[in-house]
Every structure is written in C-alpha cells, then in structure tokens.
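Q: I'm new to this one. Could you walk me through how to read it?

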Amino acid sequence: MSKVAVVYWSGTGNTEAMASAVADGAKGAGAEVTLFNPSEFGADKVSGFDSIAFGCPAMGAEVLEESEFDPMFTAVEGALSGKKIGLFGSYGWGDGQWMRDWEDRCKGDGAVLASDSVIANNAPDDSALDECRSLGMALA
Ligand SMILES: Cc1cc2nc3c(=O)[nH]c(=O)nc-3n(C[C@H](O)[C@H](O)[C@H](O)COP(=O)(O)O)c2cc1C
C-alpha cells in the first residue's frame, strides 16, 4: 500500500475542502493517507511517504501563504528531488499566477509533478473536487 501525505494550509476552508477530496481520491485508489497542516510537516517526514500533495491558496500578491506554509515549504523543498508530488489550491481575483510560479519552483527542486495541478476559484465546485480526487488517485 502506498503512503500519501496531504500537506495544506487553508484560511477560510476552500483549500481544506480540496485537501479532503485529494485524500478521498488517494484512499479510494488504495493508499494510506495522512493529512498534515504546515506546523506538523517537515523535511524529515518526506522520506516516509511515496508521494505528497501540497495545497495552498493564492495569498499576498500571488504568493504562497507567508507565515506558515511558505516557511514549511522552503524547509522541505531541498528534499523533494525525484519525489512524486501534486499541487492544489484555491484563488480569488487572480489568474492562477501563484500556481504557475509554484510549479516552476517545484520543477527547479527536481520534484516530479504526478498530474496537472488543480486550482479552484474560491470554493471548489463539483468539477474541481473531481479534479482533486483524480490528483489523489494519481498520487496513490
Ligand atoms: C490576504 C489575502 C491575500 C490574497 N491574495 C490573493 C492573490 O494574490 N490572488 C488571488 O487570486 N487571490 C488571493 N486571495 C484570495 C484567496 O486565494 C481565496 O479567498 C481563497 O479561496 C482562499 O482559500 P482558503 O479558503 O483555502 O483560505 C487572497 C486572500 C487573502 C485573505
């Protein structure tokens, strides 16, 4: 059974709903799934998982959330070379620039993006939740 971590930050619940759907998709495909908030995850945890889904909304000016998520991700990304990962998150008024930048950052880290990233405008609709479940399945 593959082990999948879902590591996310969510201020108002939109990315949290996506995390839950990612976890459901991975569990449905037979994986053992553990959900983490940023304070619970670190570089020492990376090797314990076959794949990792990271979720964070667009914050600041098209950046990752800066007080909890980005510091955690900065600490973890040196351990992501060759790791199967997936990205997801919610946004508001932008056009998804934060996610394009985040994907580039992960590719620079040598991480392997297992499927297309999933972005949802504000609360995820049924189609976005389906995409999140597919992301979870791709990571399982
Ligand atoms: C402080 C702050 C900064 C934000 N910055 C952006 C932004 O740069 N681009 C964007 O598209 N949405 C931005 N948003 C909107 C959030 O990404 C959006 O509300 C999202 O659904 C929040 O997800 P969450 O419910 O998981 O916290 C911002 C929201 C807040 C509160």
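Q: What span should the 15 residues of helix α1 have, and what do its end C-alpha atoms show?

A: This is a predicted model, where local features need pLDDT of at least 70, side-chain atom pairs count only at pLDDT 80 or more, and totals for chains, interfaces and linings use all residues. Residues are numbered from 1 along each chain as its sequence is written, and side-chain values use heavy atoms, with hydrogens and water left out. Helices are DSSP runs (H or I, at least four residues), and strands are too (E, at least two), numbered from the N terminus. The expected span of a helix is 1.5 Å times one less than its number of residues. For α1 (residues 14–28) that gives 21 Å, and its end C-alpha atoms are 21 Å apart, so the two agree.

Q: Which residues of α1 are buried, and what do they pack against?

A: Buried means under 20% relative accessible area, exposed over 50%, partly exposed in between (1.4 Å probe, protein chains only). In α1, N14, T15, M18, A19, A21, V22, A23, G25 and A26 are buried. Their packing partners include β1 (3–8), β2 (32–36) and α4 (126–139).

Q: Is V76 buried or exposed, and which residues is V76 in contact with?

A: V76, in helix α2 (residues 69–76), counts as buried because its relative accessibility is 0%. Contact means heavy atoms within 4.5 Å. Leaving aside neighbours within four places in sequence, V76 touches F41, G42, A43, V46 and F54. The C-alpha atoms of V76 and G42 are 5.8 Å apart, though 34 residues separate them along the chain.
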